[in-house]
Amino acid sequence: MKNANDSLSVSFQQGAPHTFANVKELNHTLQNPSSLAQLIGLKSPGQASEMPLLQEVRQYFSVLASGGSPSTGAEAKLKEEFGEFMVTGF
């Protein structure tokens, strides 16, 4: 990301991507199990909380939202798990 205030589109599942106004809005959604569950069509917030690698994704975007730079190790792990552009995963 070049600017934390730029809008970004994220596809959580097949279909149309969701556009967030900025990384802070994405981070807020990731931190809130109810919002995340509703956005991706899960039946309960508990299902959202059980998603694989959710904690790592939350930490990564939390650092970005606060204006920091995630560690290269954290980014490398997510790229390894999700692919270069984080196309697969949850």
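Reader: At what angle do H4 and H5 pack, and how far apart are their axes?
Author: This is a predicted model. In it, H4 and H5 pack at an angle of about 135 degrees, and their axes are 11 Å apart.

Reader: What do you call that arrangement of H4 and H5?
Author: Oblique. Angles over 145 degrees count as roughly antiparallel and 65 to 115 as roughly perpendicular; at about 135 degrees, H4 and H5 are therefore oblique to each other.

Reader: Is the crossing of H4 and H5 left-handed or right-handed?
Author: The crossing of H4 and H5 is left-handed. On the H4 side the contact is made by Glu 56, Val 57 and Tyr 60. H5 brings Glu 75, Lys 77, Leu 78 and Phe 82 to it.

Reader: Step back a bit. How many helices and strands are in the protein?
Author: The protein has 5 helices and 2 strands. From the N terminus on, the order is β-β-α-α-α-α-α.

Reader: And how much of the protein counts as buried?
Author: Of its 90 residues, 30% count as buried. The protein exposes about 5800 Å², with 49% of that supplied by carbon and sulfur atoms.

Reader: What about contacts between residues 24 or more positions apart?
Author: Taking contacts with a separation of 6 or more, 33% of them in the protein are between residues 24 or more positions apart.

Reader: Now the core. How many residues are in the largest nonpolar core?
Author: It has 21 residues. Phe 12, Leu 26, Leu 30, Leu 36 and Phe 61 have the most contacts inside it. As a general point, nonpolar side chains in soluble globular proteins tend to be buried together.

Reader: Which elements supply at least two residues of this core?
Author: Strand E1 (8-10) does, along with helices H1 (23-31), H2 (33-40), H4 (54-65) and H5 (72-82). H4 gives the most, with 6 residues.

Reader: Take Leu 26. What is it in contact with?
Author: Leaving aside neighbours within four places in sequence, Leu 26 is in contact with Leu 8, Val 10, Phe 12, Phe 20 and Phe 61.

Reader: At what angle do H1 and H4 pack?
Author: About 150 degrees, with the axes 9 Å apart. H1 passes H4 in a left-handed crossing. From H1, the contact is made by Val 23, Lys 24, Leu 26, Asn 27, Leu 30 and Gln 31. Their counterparts on H4 are Val 57, Arg 58, Phe 61, Ser 62, Leu 64 and Ala 65.

Reader: Thr 29, then. Buried or exposed?
Author: Thr 29, found in helix H1, has a relative accessible area of 10%. Buried means under 20%, so Thr 29 is buried. Not counting residues up to four places away in sequence, Thr 29 touches Phe 20, Ser 35, Leu 36 and Leu 39.

Reader: Where is Leu 53?
Author: Leu 53 lies in the loop between helix H3 (45-49) and H4. Leu 53 is buried, at 19% relative accessible area. Its phi is near 65 degrees, a positive value in a residue other than glycine.

Reader: Last one, Ser 9. Which residues does it touch?
Author: Ser 9 is found in strand E1. Not counting residues up to four places away in sequence, Ser 9 touches Pro 17, His 18 and Thr 19.

Reader: And how far apart are Ser 9 and Asn 22 in space?
Author: They are 9.4 Å apart, C-alpha to C-alpha, and 13 residues apart in sequence.

Definitions and conventions: Residues are numbered from 1 along each chain as its sequence is written. This is a predicted model: local features need pLDDT of at least 70, side-chain atom pairs count only at pLDDT 80 or more; totals for chains, interfaces and linings use all residues. Side-chain values use heavy atoms; hydrogens and water are left out. Helices (H or I, at least four residues) and strands (E, at least two) are DSSP runs, numbered from the N terminus. Buried means under 20% relative accessible area, exposed over 50%, partly exposed in between (1.4 Å probe, protein chains only). Contact means heavy atoms within 4.5 Å. Accessible areas come from the Shrake-Rupley method with a 1.4 Å probe; for residues, only the protein chains shown count as cover. A nonpolar core is a set of buried Ala, Val, Leu, Ile, Met, Phe, Trp, Tyr and Cys residues joined through side-chain atoms within 4.5 Å. Axes are lines fitted to C-alpha atoms, for helices over the stretch in contact, and angles run from 0 to 180 degrees between N-to-C directions. Angles under 35 degrees count as roughly parallel, over 145 as roughly antiparallel, 65 to 115 as roughly perpendicular and the rest as oblique. A crossing is left-handed if the near helix is turned anticlockwise from the far one by less than a right angle, and right-handed if clockwise.
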